[in-house]
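Reader: I am new to this structure and would like to go through it in short questions. Please show it before we start.

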Amino acid sequence: MKNKCVFKWNSGNLALLCSKCRKIIKEGKDFTEEEMIACRNTRDYYLPPQYCEQCKLKMNEKNISKSI
């Protein structure tokens, strides 16, 4: 697992990617204020890893199977 959020440029638009599979989760026009601050790479601000719905589901399944 990655330990931080991932931002990349996609055809001239900034995008937030899944920290695991790198699928686009959100584009810059839809960013929250918190995401906008984090994408500017401010050293004083940290945004935790972000995951797409499929990766969240897989991680939850793994956690459930470990607890059984």
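Author: This is a predicted model. By the rule for ring pairs, the count of aromatic pairs comes to one.

Reader: Is the pair of Phe7 and Phe31 stacked or edge-to-face?

Author: The ring centres of Phe7 and Phe31 are 5.6 Å apart, and the planes stand at 70°. Planes over 60 degrees apart count as edge-to-face. The pair is therefore edge-to-face.

Reader: How many residues apart in sequence are the parts that this pair ties together?

Author: Phe7 belongs to strand β1, residues 6-10. Phe31 sits in the loop between β3 (24-27) and α1. The pair thus ties together parts whose separation in sequence is 24 residues.

Reader: Is Phe31 buried or exposed?

Author: Buried means under 20% relative accessible area. For Phe31 that area is 10%, so Phe31 is buried. Phe7, with 18%, is also buried.

Reader: Which residues does Glu35 contact, leaving aside its neighbours within four places in sequence?

Author: Glu35 is part of helix α1, residues 33-39. Its relative accessibility is 7%, so Glu35 counts as buried. With those neighbours left aside, the contacts of Glu35 are Phe7, Leu16, Lys26, Asp30 and Leu47.

Reader: Which residues lie nearest the centre of the largest pocket?

Author: The largest pocket holds about 220 Å³ of space. Its lining has 10 residues, divided into seven nonpolar, two polar and one charged. Nearest the centre of this pocket lie Lys4, Cys5, Phe7, Ala38 and Asn41.

How values were computed: Residues are numbered from 1 along each chain as its sequence is written. This is a predicted model: local features need pLDDT of at least 70, side-chain atom pairs count only at pLDDT 80 or more; totals for chains, interfaces and linings use all residues. Side-chain values use heavy atoms; hydrogens and water are left out. Helices (H or I, at least four residues) and strands (E, at least two) are DSSP runs, numbered from the N terminus. Buried means under 20% relative accessible area, exposed over 50%, partly exposed in between (1.4 Å probe, protein chains only). Contact means heavy atoms within 4.5 Å. On a 1 Å grid over the protein atoms alone, a cavity is a set of points where a 1.4 Å probe fits but cannot get out, and a pocket is an open set with protein on both sides within 12 Å along at least five of seven lines; lining residues have an atom within 4 Å of a point. Grid points are joined across faces, edges and corners, and a volume is the space filled by probe spheres set on the points. Ala, Val, Leu, Ile, Met, Phe, Trp, Tyr, Cys and Pro count as nonpolar, Asp, Glu, Lys and Arg as charged, and the others, Gly among them, as polar. Rings of Phe, Tyr and Trp (its six-membered ring) pair if their centres lie within 6.5 Å; planes under 30 degrees apart count as stacked, over 60 as edge-to-face and the rest as tilted.
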